[in-house]
Amino acid sequence: MEHEQTLPEQRKEEENDPEQGTPDAVQAGPRRRGGRTVLLIAGAVLLGVLAGTVTGYAIQYDREPTPLAPLAQAGLVSPKAIAPDDATTNKTINANRWHKTDDDLTKLLIEAPGGAKKEGSGYNSLDFLALGFEFPDRALRGFAGDGTRRIASVSWSEDDRNFVDVDLLQFSDRDGADDYVREQSSYMPDKKYAGNDGVDIPGTPSKLGHVWVYSEADEKPGYLPMRTARAIARRGDIVIEIHYVNNRGKIAEGDVVDLAKRQLERL
């Protein structure tokens, strides 16, 4: 009896066990062996990394230190620090990075010649300067687009014949100044304006400085003939612009070139 009862139980267990070669047996076996293999490989990799790191440190420890390349300028001397006092300003603190064009721009304007009547001097707004252009609204947008920071101006008259305006237009960078010079210079040779190619300013490349004396005077019945000259030049982020008008129809080109040269030298 016991034997008969035992056999069915044994047979039942054997029927429940997965046979070798069946899908259930294959899935059960590799899953367990795979997990153990991954742990073994990870442990070996970790030991290898640790061993390599320790070896690398040991090799570097035994080597002589590699000297740095010498400085291009040996023996540089730095000024001694000075304690601030009542005379200390933002300019004195940043003396090594301060450029004179960061100061009061009106100080860089040329002086009116002796005997001339000074009409005005100081800072002008963008909209005021735009009024001198054929299309003020476009000029104002152009000033804003080119990054115009500020405009310093001086004007004078001589013998009620010559009327001169000098403007210093400072831009946020050289690109804005270059764009302005290029745009304004591009149309000056047209007959509607100067009607000629103008002349260079001595010591200044043609693309950075030019003077035009208009080929024709503006003549109207009942009015004196008006002749105009214009100079445009760039130095750094500042554009020099000079408008020279004579109400007798005569302008000496050299006078305008000399003004532009003097203003460049002030910068």
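This is a guided tour of one predicted protein chain, stop by stop.

**Before you start**

Residues are numbered from 1 along each chain as its sequence is written. The model is predicted, so local features need pLDDT of at least 70 and side-chain atom pairs count only at pLDDT 80 or more, while totals for chains, interfaces and linings use all residues; side-chain values use heavy atoms, with hydrogens and water left out.

**Stop 1: the whole chain**

Select everything and colour by secondary structure. The chain has seven helices and seven strands. Helices (H or I, at least four residues) and strands (E, at least two) are DSSP runs, numbered from the N terminus. Starting from the N terminus, the order of elements is α-α-α-β-α-α-β-β-α-β-β-β-β-α.

Of the 267 residues, 28% are buried. Here buried means under 20% relative accessible area, exposed means over 50%, and partly exposed is in between (1.4 Å probe, protein chains only). Among contacts with a separation of 6 or more, 55% are between residues 24 or more positions apart. A contact means heavy atoms within 4.5 Å.

**Stop 2: the sheet**

Now select the strands. In what order do the seven strands lie in the sheet? The order is β1-β2-β3-β7-β6-β5-β4, in an open sheet with antiparallel pairing. Two strands pair if DSSP finds at least two bridges between them. The edges are β1 (117-124) and β4, each of which pairs on one side only.

Helix α6 lies across β3, β5, β6 and β7, and runs at about 155° to β6. For this angle, axes are lines fitted to C-alpha atoms, for helices over the stretch in contact, and angles run from 0 to 180 degrees between N-to-C directions.

**Stop 3**

Select β2, residues 148-158. Is β2 mostly covered or mostly uncovered? Nine of its eleven residues are buried, so it is mostly covered.

On one pairing, β1 and β2 are antiparallel over seven bridges, and Gly-120 stands opposite Ser-155 in β2. On another, β2 and β3 are antiparallel over ten bridges. Two pairs to pick out in β3 are Leu-168, which stands opposite Ala-152, and Asp-167, the bridge partner of Ser-153.

**Stop 4: the turn between β2 and β3**

Follow the chain out of β2. Strands β2 and β3 form a hairpin with three residues between them. Select Asp-159 and Asp-160. Asp-159 lies in the loop between β2 and β3, and Asp-160 lies in that loop too.

What is the phi of Asp-159? Asp-159 has a positive phi of about 55° although it is not a glycine. Asp-160 likewise is not a glycine and has a positive phi of about 55°. Most residues other than glycine have a negative phi. Asp-159 counts as exposed, at 70% relative accessibility, and Asp-160 also counts as exposed, at 56%.

**Stop 5: Thr-148 and Gln-170**

Return to β2 and select Thr-148, which is placed in that strand. Thr-148 is buried, with a relative accessible area of 12%. Leaving aside neighbours within four places in sequence, Thr-148 is in contact with Leu-126, Phe-143, Gln-170 and Phe-171. A polar atom of the Thr-148 side chain lies 2.9 Å from the backbone oxygen of Phe-143. Select Ala-177 as well: Thr-148 and Ala-177 are 29 residues apart in sequence and 8.2 Å apart in space, C-alpha to C-alpha.

Now move to Gln-170, found in strand β3. Gln-170 is buried, with a relative accessible area of 0%. The side chains of Gln-170 and Arg-150 are joined by a polar contact of 2.7 Å. A polar contact is a pair of N or O atoms within 3.5 Å; within protein, one must be able to donate a hydrogen and the other to accept it, and residues adjacent in sequence count only if both atoms are side-chain atoms.

**Stop 6: helix α7**

Finally, select residues 253-266, which form helix α7. This helix has 14 residues and reaches 21 Å from its first C-alpha to its last, close to the 20 Å expected at 1.5 Å a residue. The expected span is 1.5 Å times one less than the number of residues.

Which residues of α7 are buried? They are Val-256, Val-257, Leu-259, Ala-260, Gln-263 and Leu-264. These residues cover an arc of only 155° around the axis, which puts them on the same side of α7. The arc is that of the directions from the helix axis to the C-beta atoms. An α-helix has 3.6 residues a turn, so residues three or four places apart point the same way. What covers the buried residues of α7 includes β2, β3 (162-171), β4 (199-200), β5 (209-213), β6 (227-235) and β7 (238-246).
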